[in-house]
Amino acid sequence: DLANLSLRYAYCNDTSHLQLKNSCPDKVIGFNHLDKELQFATAVAMFGLKLKQSEYIKQASWADIQSIAAASYDPASFLQTEFLQLIEKSKKIYREKRKKRKNNE
């Protein structure tokens, strides 16, 4: 197994605890071999993280997100087409931060 997950939880006002266990098999699939829907969902998640300026997506650029979305989108889907346009608009609004030069004068 790649990982074993265990979640212990309880409902509100309940003293008994429940446990959910799951194992993740070591069956890794390359990103390009995933269903297109999952690839597109990845672009949507990355978009949200990028908007929040999350520390978990510092290395990804708007172009990376746009590339993943464009490679996996369905042209028949109005919402996916709108999402691609949103990425383009976001690239203009949220420009990459440039490193400031210190003025040594």
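Helices (H or I, at least four residues) and strands (E, at least two) are taken here as DSSP runs, numbered from the N terminus. The structure is a predicted model, in which local features need pLDDT of at least 70 and side-chain atom pairs count only at pLDDT 80 or more, whereas totals for chains, interfaces and linings use all residues. Residues are numbered from 1 along each chain as its sequence is written, and side-chain values use heavy atoms, with hydrogens and water left out.

Side chains of opposite charge can pair when their charged atoms come close. Lys91 and Glu88 form a salt bridge, with 3.9 Å between the closest N and O atoms; the term requires a side-chain nitrogen of Lys or Arg within 4 Å of a carboxyl oxygen of Asp or Glu. A search of the whole structure gives one salt bridge. Lys91 has a relative accessibility of 29% and so counts as partly exposed, and Glu88, at 32%, is partly exposed as well. For these classes, buried means under 20% relative accessible area, exposed means over 50%, and partly exposed lies in between (1.4 Å probe, protein chains only).

In soluble globular proteins, nonpolar side chains tend to be buried together.

Contact means heavy atoms within 4.5 Å; leaving out residues up to four places away in sequence, Phe47 touches Trp62, Ile65, Phe83, Leu86, Ile87 and Ser90. With the same exclusion, Ala43 touches Ile65, Ile68, Ala69 and Phe83. Ser90, in helix 3, is buried at 5% relative accessible area, and beyond its neighbours within four places in sequence it contacts Phe47, Leu51 and Trp62.

Helix 2 (residues 62-72) has Trp62, Ile65, Gln66, Ile68, Ala69 and Ser72 as its buried residues. These residues cover an arc of only 165° around the axis, which puts them on the same side of helix 2; the arc is that of the directions from the helix axis to the C-beta atoms. The buried residues of helix 2 pack against helix 1 and helix 3 (78-93). Ala63 is also found in helix 2, but this residue is partly exposed, at 44% relative accessibility.

On the surface, Leu7, Tyr9, Tyr11, Leu18 and Leu20 form a nonpolar patch with about 480 Å² of accessible area together. Strand 1 (3-9) and strand 2 (18-24) are the elements that give two or more residues to the patch. Patches are made of residues with over 30% relative accessible area and no salt bridge, like charges being joined within 9 Å and nonpolar side chains (Val, Leu, Ile, Met, Phe, Trp, Tyr) within 5 Å. Accessible areas come from the Shrake-Rupley method with a 1.4 Å probe, and for residues only the protein chains shown count as cover. Leu18, placed in strand 2, is partly exposed at 32% relative accessibility.
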